Amino acid sequence: MRYLTFALTKGRLAQQTMALLEQMGISCEEMKDKSTRKLIFTNEEYGLRFFLAKGPDVPTYVEYGAADIGIVGKDTILEENRKIYEVLDLGYGKCRMCICGPESARAYLQQNQQIRVATKYPNIAKDYFYNTRNQNVELIKLNGSIELAPIVGLSEVIMDIVETGSTLRENGLTVLEEVCPLSARMVVNPVSMKMDNARITELIHQMKTLLQQN
Ligand code: PRP
């Protein structure tokens, strides 16, 4: 039997996914060892392999077939726009993609002004401002701590993920518009879906059943 390889987004998504798989009787003890420098972990019983990757790299591994299955946030799927199948909403990692800024920036949106928008998600922002809002803006790509941008005057607003809203609150910012809801998804390589259809379909079915019970 060929190994089915999972690419998991490092961090909480990977932990929640391994917890879910464990409920299905699929465990990977090696992966729990925090001191290990190993990059890939195997479950011989089920013929599965797992590796951890940065979120934006997960759709890349899956598109090229280096991983058959990926676990990744919907935000990353939208941003990366890879040729992969999205097969299951896992329901965890729930948050929202939003336009945020100081309350005073609301008027710039209402008046469709040519503002600067800082974001880690330039493709999602481009689509939202140009196609949905028909607003011409200047996009500025950042790699983290996006909330800083309007505070220090780099941009008028940001497009970013809001989970609890506490980062915004603690920095005097607010949600000005909601773009879309987000959560963790399972994605599959299209060729793997054909070649290993029975195994992958069964896995999706089991995960879906478990998620409904949880
Ligand atoms: C994310 C996001 C926000 C924050 C939202 O950042 O970019 O900054 O979490 O969460 P909250 O609504 O619960 O406060 P992350 O911690 O992933 O780090 P980053 O700023 O380096 O992107």
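Entry one, the shell by class. I sorted the residues around the ligand and got two nonpolar, six polar and four charged residues. The model is a predicted one, and I read the entries below with that in mind.

Entry two, the names. I listed the shell around the ligand as Lys-120, Gly-144, Ser-145, Glu-147, Asp-160, Ile-161, Val-162, Glu-163, Thr-164, Gly-165, Ser-166 and Thr-167.

Entry three, the elements. Which elements give two or more residues to this shell? I found β9 (157-162) and α7 (166-170). The largest share, three residues, comes from β9.

I looked for side-chain atoms facing oxygen atoms of the ligand. A polar side-chain atom of Lys-120 lies 2.6 Å from a ligand oxygen, and one of Asp-160 lies 2.7 Å from a ligand oxygen. For Ser-166, I noted 3.5 Å between an N or O atom of the side chain and an oxygen atom of the ligand.

On its own the ligand has 500 Å² of accessible area, and the protein covers 65% of that. I also checked the pockets: the space taken by the ligand is the largest pocket.

I turned to Glu-177 and found it in strand β10 (residues 174-182). What does the side chain of Glu-177 make a polar contact with? The partner is the side chain of Tyr-128, at 2.5 Å. Setting aside neighbours within four places in sequence, I listed Cys-98, Ile-99, Leu-109, Tyr-128 and Arg-133 as the residues in contact with Glu-177.

Technical notes:
Residues numbered from 1 in each chain as written. Predicted model: local features only at pLDDT ≥ 70, side-chain atom pairs only at ≥ 80, totals over all residues. Heavy atoms only, no water. Helix = DSSP H or I, 4+ residues; strand = E, 2+ residues; numbered from the N terminus. Polar contact = N/O pair within 3.5 Å; in protein donor to acceptor, adjacent residues only side chain to side chain. Contact = heavy atoms within 4.5 Å. Near = heavy atom within 4 Å. Areas by Shrake-Rupley, 256 points an atom, 1.4 Å probe, with all protein chains shown as cover. 1 Å grid on protein atoms, 1.4 Å probe; cavity = no way out; pocket = protein on both sides within 12 Å on 5 of 7 lines; lining within 4 Å. Sits in = over half its atoms within 2 Å of the grid points. Nonpolar A, V, L, I, M, F, W, Y, C, P; charged D, E, K, R; others polar.
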